[in-house]
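Me: Please take this model apart with me. I want each label set against its cut-off.

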Amino acid sequence: MTIDLHTHSTASDGLVAPEDLVRLAAETGLTVIALTDHDTTAGLGRAAAALPGGLTLVPGAEISCSVEVPGGSISLHVLAYLFDAAEPAFAAVRAQIREHRAVRARRMADRLAADGHPIHWERVAQLAAGTVGRPHIAAAMVEAGLVPTVAAAFTRDWIGAGGPYWVGKEQPDVWRTLRLIRDAGGVSVFAHPFASRRGVTVGPDVIEQMARAGLGGVEVDHPDHDADERSRLRGLAADLGLIVTGSSDFHGSSKPQGLAAETTSRESYERLVAAATGAAPLHGPSPT
Ligand code: AMP
Ligand code: ZN
Ligand code: FE
Ligand code: FE
């Protein structure tokens, strides 16, 4: 089995449409793919309808949340798997995060425009078919010739954290997020916890607290983790009894990693499925 548990589609900031993503997954040789768009399940119906034979789809979402640590608030991503997407409390919070994201993206676009940069919110909104995020602003910036690459937009000169055009997200705290996922029958996995290249990260104490608050697993094998970060996380997961996952965090050509760049073991996958009560994995049509 080849299992990739973290991917994005055009329902958030991925560049590949949900139906193309599952086709690409089958071509790549994946047997299990989770679609985990930012703060939405909007792409899952389309992915499910196009599911090729032999491929299993794990419904999911990547939830933006925050945690208070000495010195301020840190943004985190928690992957939610196999929850009941219709459960109202969690569905309402996902909708709220998406609304805040739109307000915030508009603010960033307006700030750029106010400084005379040719960025228009209307264009950003066009580029975002679903959940809007900084990658859509970055794409508009590349298109306008402001920066040569999306990565160049994600620096402190522009929309990187602390940059002049960066606006923080309003998001639920991690404790509430973990509770919402569990109450909707889902399993939570802390996405790229030690990816220091992305900015400030939490310490092991926060992961221990999260485990006590119902966290199901940690994403150890992720393109943004170096060897040392992986080995520290693996040890922590063993100590805390957390499921270890590995995933590409595929976004399409905007990021270097392809589908299946990192994978999850069959044992971890089976533990994750067994821990969920909100939904079941979906299977492509059997050969007739
Ligand atoms: P947002 O959630 O709107 O703050 O945007 C964060 C998203 O941008 C995440 O999905 C990241 O994968 C993506 N991202 C963060 N840093 C970079 C980067 N340097 N280059 C491209 N994408 C990035
Ligand atoms: Zn993303
Ligand atoms: Fe993430
Ligand atoms: Fe992601």
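Reply: Start with a definition: buried means under 20% relative accessible area, exposed means over 50%, and partly exposed lies in between (1.4 Å probe, protein chains only). This is a predicted model, where local features need pLDDT of at least 70, side-chain atom pairs count only at pLDDT 80 or more, and totals for chains, interfaces and linings use all residues. Residues are numbered from 1 along each chain as its sequence is written, chains are lettered from A and ligands numbered from 1 in the order in which they are written, and side-chain values use heavy atoms, with hydrogens and water left out.

Me: Why is Asp39 called buried?

Reply: Its relative accessible area is 0%. The cut-off is under 20%. Therefore Asp39 counts as buried. Asp39 lies in the loop between β2 (32-35) and α2 (44-49). Helices (H or I, at least four residues) and strands (E, at least two) are DSSP runs, numbered from the N terminus.

Me: What makes the phi of Asp39 worth a remark?

Reply: Phi of Asp39 is near 60°, a positive value in a residue other than glycine. Most residues other than glycine have a negative phi. His192 also belongs here: its phi is near 30°, again positive in a residue other than glycine.

Me: What makes His192 count as buried?

Reply: Its relative accessibility is 8%. The limit is under 20%, so His192 passes as buried. His192 sits in the loop between β5 and α8.

Me: How do you know which residues coordinate the iron ion (ligand 3)?

Reply: Donors are N, O and S atoms within 2.8 Å of the metal (3.2 Å for Na, K and Ca); water is not among the atoms, so sites may look incomplete. Glu62 (OE), His77 (ND1) and His192 (NE2) coordinate the iron ion (ligand 3) at 2.0 to 2.2 Å. Those distances are within 2.8 Å, so the three residues count as donors. Their spacing in sequence is E-x14-H-x114-H. Glu62 is buried, as is His192.

Me: Why is Pro52 called buried?

Reply: The relative accessible area of Pro52 is 18%. That is under 20%, so Pro52 counts as buried. Pro52 is in the loop between α2 and β3.

Me: How do you know what Pro52 is in contact with?

Reply: Contact means heavy atoms within 4.5 Å. Leaving aside neighbours within four places in sequence, Val22, Arg23, Ala26, Gly284 and Pro285 are in contact with Pro52. Pro52 and Ser286 are 234 residues apart along the chain, with C-alpha atoms separated by 8.9 Å.

Me: What makes Gly186 buried?

Reply: Its relative accessibility is 12%. The limit is under 20%, so Gly186 counts as buried. Gly186 is placed in the loop between α7 (174-183) and β5. Leaving aside neighbours within four places in sequence, Gly186 is in contact with Tyr81, Leu82, Phe83 and Ile181.

Me: Why is the protein chain called as compact as a globular protein of that length?

Reply: First, the secondary structure: the protein chain has 10 helices and eight strands. The radius of gyration is 18 Å, close to the 19 Å from the globule rule for 288 residues, so the chain is as compact as a globular protein of that length. The radius is taken over C-alpha atoms, and the rule is 2.2 Å times the number of residues to the power 0.38. Of the 288 residues, 51% count as buried.
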